[in-house]
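Biologist: I have the model open next to the sequence. Can we go through it piece by piece?

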Amino acid sequence: RDRSPSRGLGDVYKRQTFADVTGAGTVQIYDIGISRGTIVGESISDEFGAALAWGDLSGDGTQGDLAVGARKQSSGRGVVYLFAAAALKDGSANDLAAGAVLGEAVNDQIGKSLALVDGNGDGVDDLVFGSYAHDVPGETTSNQGKYYAFMGPVAGATLAKDAPQQSEGLGGDKLGGQVASLGDVSGCLLYTSPSPRDGLLS
């Protein structure tokens, strides 16, 4: 269960990644205890709802926009869906999303971790997400991991590989295993590598 902070609409976003009848995953939206609707993932075993983040993706000043990860979508490439606050109602992810980001390669699994943070201080949240299973082409090891950042406003269909900011890990770092905004610390972001070799915090 993920609760929106006081800056938002008082909504509660409840994810049920494995609980629906198709296995696609669902995200249920509540406004002060009253259900506003349920968004259902597109395909069986998508794991829609693997990660959630809320903020202002469109730049309209509304802090109720929602980003949702589906890390098993598209043969494990993963997809991050973007929803405007007004679209949070009953329906499918495909029909309601204002935008979506598709992972680079099979089994990259973007959407396991994500955050919305105003990294450049322009008043609009930026989208940051990780791909802990990303393999760097040409390397002999695997699971280096990678993180990506799109500057807000963010909408429409795009590819993770086109992110204006991105960075890859080393060895088996699994960089981007967790991504988080550091609250009121302006422009700051935490992304981690769970690898016992370095345990990177950036």
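Biologist: Where does valine 154 lie?
Modeller: Valine 154 is in the loop between strand 12 (146–150) and strand 13 (156–159). Strands here are DSSP runs of E with at least two residues, helices are runs of H or I with at least four residues, and both are numbered from the N terminus.

Biologist: Is valine 154 buried or exposed?
Modeller: Valine 154 counts as buried because its relative accessibility is 12%. Buried means under 20% relative accessible area, exposed means over 50%, and partly exposed is in between, with a 1.4 Å probe and protein chains only.

Biologist: What does valine 154 touch?
Modeller: Leu57, Leu82 and Leu127, not counting residues up to four places away in sequence. A contact means heavy atoms within 4.5 Å. The C-alpha atoms of valine 154 and valine 124 are separated by 9.3 Å, and these two residues are 30 apart along the chain.

Biologist: Before I go on, what kind of model is this, and how is it numbered?
Modeller: This is a predicted model, in which local features need pLDDT of at least 70 and side-chain atom pairs count only at pLDDT 80 or more, while totals for chains, interfaces and linings use all residues. Residues are numbered from 1 along each chain as its sequence is written, and side-chain values use heavy atoms, with hydrogens and water left out.

Biologist: In which sense do strand 9 and strand 13 pair?
Modeller: Strand 9 (residues 99–102) and strand 13 pair in the parallel sense, over 4 bridges. Threonine 158 in strand 13 is the bridge partner of valine 101.

Biologist: What about the sheet of 4 strands?
Modeller: That one is also open, in the order 10-11-12-14, and its pairing is antiparallel. Its edge strands are strand 10 (114–117) and strand 14 (165–168), each pairing on one side only. Strand 10 pairs with strand 11 (residues 126–131) in the antiparallel sense over 4 bridges, and valine 117 stands opposite aspartate 126 in strand 11.

Biologist: Now the inside. Which residues touch the most other members of the largest nonpolar core?
Modeller: Val80, Val101, Leu127 and Phe129, out of 17 residues in that core. At least two residues of this core come from each of strand 5, strand 7, strand 10, strand 11 and strand 12. A second, separate core has 14 residues, including Phe48, Leu66, Leu88 and Leu96. A nonpolar core is a set of buried Ala, Val, Leu, Ile, Met, Phe, Trp, Tyr and Cys residues joined through side-chain atoms within 4.5 Å.

Biologist: What is valine 80 in contact with?
Modeller: Leaving aside neighbours within four places in sequence, the contacts of valine 80 include Val68, Val101, Ile110, Leu114, Leu127 and Phe129.

Biologist: Why is glutamine 144 put down as buried?
Modeller: Because the relative accessible area of glutamine 144 is 1%. Glutamine 144 is in the loop between strand 11 and strand 12, and its contacts beyond four places in sequence include His134, Asp135, Gly169, Leu170 and Lys174.

Biologist: Last one: how many helices and strands in the protein chain?
Modeller: 1 helix and 16 strands. Of the 202 residues, 48% count as buried.

Definitions and conventions: Two strands pair if DSSP finds at least two bridges between them.
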